[in-house]
Structure formats: structure tokens, C-alpha cells
Amino acid sequence: MTSDDSPEVETPHESDPPAARLQRMFGAERAKAFIDAVVAIAMTLLILPLMESVTSVSEQGGGAAHWFDVHQWQLITFVISFAVIASFWLNHHHLFARVHSVSTALLWVSCAWLLTIVWMPIATAMTGSMSTNDPLVKIVYIGSMFAASLLMLAQCLVLQANPWLHDVPGPELRRAIAGEITTALLFVVSLAVSLIPAVGLLALFLMMLTGPVYRIFARLLGARPRGSKRARARH
């Protein structure tokens, strides 16, 4: 195709691998714009419960101090979820910067990932307004993050299996895979630890171990972590 934003189906070239000829391929720009829009809407929806709570407190004659006191946990979960979705979007944006075409498989995996992102405002609202001692609340909240990280990993694997869709260097793609494996693993551990009543959602602090765990997986996958001496030498 001559234009990335063309809605027409791209016909794979004769030089493409045989598997590519079996797939319908599309320009990536429209898919990227759609994904960015959905993520932006999901991040915006996170604030709605807080806006409603401000109105409720105001109608009852309460002030700002009372609002912060009563809804502090709701505010904390908003900030956590905003940061998590922003982190997912940054990783997705960085990965897809060199994707020039998308296959039907990649589109469906991307839509499944978007489903987890759109669900996050609901999981956040539940966590901010319901008892955090309820194990199901923890499973829904952290489990949503785990599902999103798994589907980010799935997108990386689809790209690795279909190199004609992108120009992402092999080491960079392997680093992305290592990063998503790390994130998914730490979310699982955080979820398990959060089920201990005395810990709860403080288990999310385990995500601070992302750096060290990522370096382990990056080496296992044969991709030097970004910033290492060998990685800088190759650039």
C-alpha cells in the first residue's frame, strides 16, 4: 500500500512469506489512532466517580477537607489506575511506532487488550468504593491489570511471529517481550499477596521490583536490557 491510512485491504507482495499471503493486512495508522482514542477515553472515565463524589459532598454541606478525608482511598485508586493505564499505553505506543501494517489476528488481539483497558474504570470504581477486604474486589482489580499485561505480551508475540508487519529490531522486540513477562508475573504475585488480609492492595508495591526482574528475563531471552553497555555499543 502507498498510504498507511488507506482503508483498503493491502495485498501482500510476492516476496512476503507464504503465511503473510493468507492474512488480510491493513495500514496501521487507523488502528493506532483508534487504540489511542479508546485508551484516552478509558483514562478520562476514571475521574467520573470522583466528580460525582465532589457533588455529593457539596450538596451535604461538606468542604474540601471532608471530601479528601472521606474519599481518600477512591482518590488513591484513581491515581494508581491512571498510572497503570498510562504505562500500558506508553509501552504500546513505543512498540507500535514501527508497525506499518496490521493483520486480522493482530487487530483482534489489540481489541481484546482494549477490552481490559476499558474495563479498568469499572474495576477502579469497585475498588475505590467497596471494601478492600473483599477478595473478589482484589481479584477484579489486580486481575484486570494482569489480563492487560498478558494481552500486551500476546501482541508482542504476534509481531514476533509476523516480522513483515513491522520494522522493530529483534533485540528491541525481545526486550518488549521480557518487559511484558515481567509485568504479568509481578501482577500475579501481587494478586496472591494481596489476598493476605493484613497486606491488601499494598501488595502492588511489589511492582517496584520490575527493574531487577526485567533484567533477568531480558538476559534469558538474549536481549540486553536497554541502557546496558553492550546495548549502547550496538547503537
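Me: Which helices each supply at least two residues of the lining of the largest cavity?
Reply: α3, α5 and α6 each do. Helices here are DSSP runs of H or I with at least four residues, strands are runs of E with at least two, and both are numbered from the N terminus. A cavity is a set of points on a 1 Å grid over the protein atoms alone where a 1.4 Å probe fits but cannot get out, and lining residues have an atom within 4 Å of a point.

Me: What am I looking at, and how is it numbered?
Reply: This is a predicted model: local features need pLDDT of at least 70, side-chain atom pairs count only at pLDDT 80 or more, and totals for chains, interfaces and linings use all residues. Residues are numbered from 1 along each chain as its sequence is written, and side-chain values use heavy atoms, with hydrogens and water left out.

Me: OK, back to the cavity. How much space lies in the largest one?
Reply: About 60 Å³. The volume is the space filled by probe spheres set on the grid points, which are joined across faces, edges and corners. The count comes to 1 cavity of 30 Å³ or more.

Me: Which residues line the largest cavity?
Reply: Leu46, Pro49, Leu50, Gln74, Thr77, Phe78, Pro121, Thr124 and Ala125. By class, that lining has 6 nonpolar, 3 polar and no charged residues. Nonpolar covers Ala, Val, Leu, Ile, Met, Phe, Trp, Tyr, Cys and Pro; charged covers Asp, Glu, Lys and Arg; the others, Gly among them, are polar.

Me: Leu50 is in that lining. Which residues of α3 are buried?
Reply: Leu50, Ser53 and Val57. Buried means under 20% relative accessible area, exposed over 50%, and partly exposed in between, with a 1.4 Å probe and protein chains only. Down the axis of α3, the buried residues fall within an arc of 60°, so they line one face of the helix. The arc is that of the directions from the helix axis to the C-beta atoms.

Me: What do they pack against?
Reply: α4 (64-70) and α5 (72-96). The face turned away from the buried side of α3 carries the exposed residues Glu52, Ser58 and Glu59.

Me: What's the span of α3?
Reply: α3 covers residues 48-59 and reaches 17 Å from its first C-alpha to its last, close to the 16 Å expected. The expected span is 1.5 Å times one less than the number of residues. After α3 comes Gly61, with a positive phi near 85°.

Me: New topic. Where is Lys32, and is it buried or exposed?
Reply: Lys32 sits in α2, residues 28-45. Lys32 is buried, at a relative accessible area of 15%.

Me: What does Lys32 touch?
Reply: Phe96, Ala97 and Val99, leaving out residues up to four places away in sequence. Contact means heavy atoms within 4.5 Å. Lys32 and Phe96 are 64 residues apart in sequence, yet their C-alpha atoms are 7.6 Å apart.

Me: Which other parts of α2 are buried?
Reply: Besides Lys32, the buried residues are Ala28, Ala31, Ile35, Val38, Val39, Ala42 and Met43.

Me: Last one. How many helices and strands are in the chain?
Reply: 10 helices and 2 strands. Of the 235 residues, 41% count as buried.

How values were computed. On a 1 Å grid over the protein atoms alone, a cavity is a set of points where a 1.4 Å probe fits but cannot get out, and a pocket is an open set with protein on both sides within 12 Å along at least five of seven lines; lining residues have an atom within 4 Å of a point.
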